[in-house]
Amino acid sequence: MSDHAVFVEEARDLLSRIERALQGFEAAEDQTEVLNEVFRAAHTLKGAAGVFGFDAIVQFAHGAESLLDRARDGEVKLGEHEIHTLLAAHDELVRLVECVETGAELTGDEALATTLLELAEGKRPPKKEAAKKAPRVKKKVEVRFGAPVMKEGFDPLDFLEHVAKCGKHATRTLDLSAVPLDDSFDPERCYLGGTVELETDASDDVLRSVFDFILDSTTVTVSSPAAEKKAEKPAEKKTEKKEDAGPAAAEKMVKVPASRLDALIDLVGELVIAAATSDAASQRQDVLATREAQATVTQLVSTIRDTALSLRMVPIGETFSRFNRLVRDVSKQLGKDIALDIKGADTELDKSIVERLVDPLTHIVRNSLDHGVETSEARIAAGKPGRATLTLNAFHEGGSIVVDVRDDGRGLDRVRIRKKAVEKGLIAADAQLSDEAIDELIFVPGFSSADQVSELSGRGVGMDVVRRSIEALRGAVEVLSTPGQGTTVRLRVPLTLAIIDGFQVGVGARTWVVPLELVHECVDLPVVLESETHHRLDLRGEVVPFVRLREFFAVQGEKPARECVVVVEEGGKRVGLVVDRLLGASQAVIKPLGPLFQNMEGLGGATLLGTGEVGFVVDVAQVVRRATGRARPGAAA
């Protein structure tokens, strides 16, 4: 990873922390701690940008740092205008970091930089500032750079130079004593140490923060030469304590490029396929020793698969936190008072899925803010609190992740939705539709209930895109709405898109794979059949609809004399899948479908079986929708 790539990654992490802290500042119980957190992040970003010579970033980070420093000293009160300016500075820093990534010219917004400095310096009492300013003292910064520093793209001399700029009369000494003079020398390993002595008013923490990006491997000691003799014994104790903590300190995070993780998952997928092929061969040979050895290999492959997939699992909270800013800005634009409530932030799912959830969630949140939530006056008149609440919640359910976007607004206006659908010719004027069917109309492409087009909505683009995006993830979307109480848009997505535990079934000459996490039970069809005509099962007194996969996928050939039923549960609804035969559990590496099959309902992907044949993964959500009579409006039956 290049030095610029490391900077970009760390800078984005710091900017994310700054944005989250600023958004929660007004509601925080301890605003001092929030200020300190933002200040530390801004200072670290400024120091890192200074090391790499990104002056435009240094300028904005310095302006934000100065304003925050005055706020920490109680000289400035951070009101709405100051927070808005700091958030604008954050956006500008995000843009500048993107320029670093793309190699574009680094040119900052001069007007915004001036505004920051005016807020930071305009009301500062000169006498008070002089009185509070710490005196310059002589300090010595000793550094022993870690072995991987140069390999990670950093120049040790840049760090020493940046420390020297924190004061005056600085002297720099480079320590080359650890450099080997024989064949053991490794050109990618850093053997350097260094010392900077200077007169400075900066605190020890500020001087240490220059090395924040490399502290995992680098040792930094800041001392005052005048106090070294007095502090000699305590310093020895501190060193001993640090050495004792060595084993614990070894438990650290290792950052790996996402491309390497993707490559690992691909290789694990190939390993799973190879293990399945080997297992099929051992079954055919029917040699006990071979089958026992293969069982051990299969178990190890399963463990490797689970471990590899866990490396790509990330909490959804960081994605949720992005919407603090969106809710804040849009609610002000609409003149509404809306609070965002985040739940289930620790829920983990595959990084690739999290990234593809951002756009659908943005559509839903904007629709909720614009259409779902009333103004404060309308809410009070309806007997509700003036402040509305938009809730983002994530939780596990049946092997899937459920993400709810819930508002406590007016709910869907079904009369209005039906009227608009009739006007657009989507339904007949005398059509008899259930509430659920009317709610489904909002997913029809081009449908909008808004009378006017605004910056937020009204163009008929949004919810149909949401459904297509979620179904591309082998997921499902449903709407739950109560008039006068609010609306919930529920997204249900798998934990991962790469490798799943599957249950193989046979229909005709082909093998199909049903996600094992959705399988509830398997029974013989004649035992539970209630009505062949109405496609209903009697499952211990519970009426369950069923779908013949032979008919659903138009499989040629005669059905067997005795059929089996795989009962699946999706979104709280049970459906029976009638198949010719049950083949058992297996691991499935999901491959994307080609253009010929991409729009075929009920197919969620393809997989290579242990026999070398290609099997299809059943999209249970689409099959359940068909079986329960919830085919989308306008879709072919």
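Which residues are linked with Arg325 in a network of salt bridges?

1. The model is predicted. In it, Arg325 belongs to a salt-bridge network whose other members are Glu19, Asp91, Arg328 and Asp329. Side chains of opposite charge can pair when their charged atoms come close. The count of salt bridges comes to 37.

2. Asp408 and Arg379 form a salt bridge through their side chains, at 3.1 Å from N to O. The pair links distant parts of the chain, 29 residues apart: Asp408 sits in the loop between strand 9 (400–407) and helix 16 (414–423), while Arg379 is in helix 15 (residues 376–381). Arg379 counts as buried because its relative accessible area is 1%, under the 20% limit. Asp408, at 24%, counts as partly exposed.

3. A salt bridge also joins Glu532 and Arg548, with 2.4 Å between the closest N and O atoms. Here too distant parts of the chain are linked, 16 residues apart, with Glu532 in the loop between strand 15 and strand 16 and Arg548 in strand 17 (residues 542–548). Arg548 has a relative accessibility of 4% and so counts as buried. Glu532 is partly exposed at 34%.

4. Strand 17 also holds Glu542, which is linked to Arg574 in strand 19 (residues 573–579), 32 residues apart. The closest N and O atoms of this salt bridge, between Glu542 and Arg574, are 3.5 Å apart. Glu542 is partly exposed, with a relative accessible area of 34%. Arg574 is also partly exposed, at 24%.

5. Arg474 is not a glycine, yet has a positive phi of about 65°. Arg474 lies in the loop between helix 18 (463–471) and strand 10 (476–482), and its relative accessibility of 16% makes it buried. His535, likewise not a glycine, has a positive phi of about 55°. The loop between strand 15 (529–531) and strand 16 (536–539) contains His535, which counts as partly exposed at 24% relative accessibility.

6. The axes of helix 2 (residues 31–52) and helix 7 come within 9 Å and cross at roughly 120°. That angle makes helix 2 oblique to helix 7. The crossing of helix 2 past helix 7 is right-handed.

7. Helix 7 (residues 156–164) includes Leu157. Together with Leu174 and Leu176, Leu157 makes a nonpolar surface patch of about 270 Å². Leu157 counts as partly exposed, with 45% relative accessibility.

Definitions and conventions
Residues numbered from 1 in each chain as written. Predicted model: local features only at pLDDT ≥ 70, side-chain atom pairs only at ≥ 80, totals over all residues. Heavy atoms only, no water. Patch = residues over 30% accessible without salt bridge, like charges linked within 9 Å, V, L, I, M, F, W, Y side chains within 5 Å. Areas by Shrake-Rupley, 256 points an atom, 1.4 Å probe, with all protein chains shown as cover. Salt bridge = Lys/Arg side-chain N within 4 Å of Asp/Glu carboxyl O. Helix = DSSP H or I, 4+ residues; strand = E, 2+ residues; numbered from the N terminus. Buried < 20%, exposed > 50% of the residue type's maximum accessible area, 1.4 Å probe, protein only. Axes fitted to C-alpha atoms, helices over the stretch in contact; angles between N-to-C directions. Parallel < 35°, antiparallel > 145°, perpendicular 65-115°, else oblique. Left-handed = near helix turned anticlockwise from the far one by under 90°.
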